[in-house]
Amino acid sequence: MASNTSKTARASVRAGQGSGGALSVLGEYKYLIPLAGGRFAYVRNLTNGKTTHLATDSDAFVEEIRVLAAAGHGAKIRAEINSLHSVSPEHGWDATEKRLADAGVFEG
């Protein structure tokens, strides 16, 4: 691990390595690990095996989700964002989903 990776980030990544290297709940791969009330998230990229820490209102977040959607994961990510909104509506996941949709991320 890079020395500039935080202890929390390393622990989060290690937590997901127990079963096949991916954080999963009931056998479903989780792409987003929300942080700081939805302002940030770890984005787990199945295509390259990397986990990145991004602000959910950043262009980098949109591009990371765009890469995953282009690899065929868009519907699952959109469903996960909607689920996050259902659990924590005050975190603004509906606005995040709208911004991604407006950017054309989920278009096939």
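Modeller: A polar contact is a pair of N or O atoms within 3.5 Å; within protein, one must be able to donate a hydrogen and the other to accept it. The model discussed here is predicted.

Biologist: With which side chain does the side chain of asparagine 45 make a polar contact?

Modeller: The partner is the side chain of glutamate 64, at 2.9 Å. Asparagine 45 lies in the loop between β4 and β5.

Biologist: Is asparagine 45 buried or exposed?

Modeller: Buried means under 20% relative accessible area. Asparagine 45 has a value of 2%, and therefore counts as buried. Besides Glu64, asparagine 45 touches Tyr29, Lys50, Val67 and Leu68, when residues up to four places away in sequence are left aside.

Biologist: How many bridges join β4 to β5, the strands on either side of that loop?

Modeller: Two strands pair if DSSP finds at least two bridges between them. Here β4 and β5 run antiparallel and are joined by 5 bridges; arginine 44 has threonine 51 of β5 as its bridge partner. The open sheet has 3 strands in the order β3-β4-β5, with β3 (32-35) and β5 (51-55) at its edges. On average, neighbouring strands are turned by 20 degrees against each other, direction ignored.

Biologist: Which residues touch the most other members of the largest nonpolar core?

Modeller: They are Leu32, Phe61, Ile65 and Leu100, in a core of 18 residues. Helix α2 (59-87) is one of the elements giving two or more residues to this core, and its share of 8 residues is the largest. Leucine 100 touches, among others, Phe61, Val62, Ile65 and Ile81.

Conventions. Residues numbered from 1 in each chain as written. Predicted model: local features only at pLDDT ≥ 70, side-chain atom pairs only at ≥ 80, totals over all residues. Heavy atoms only, no water. Core = buried A, V, L, I, M, F, W, Y, C linked by side-chain atoms within 4.5 Å. Buried < 20%, exposed > 50% of the residue type's maximum accessible area, 1.4 Å probe, protein only. Helix = DSSP H or I, 4+ residues; strand = E, 2+ residues; numbered from the N terminus. Contact = heavy atoms within 4.5 Å. Axes fitted to C-alpha atoms, helices over the stretch in contact; angles between N-to-C directions.
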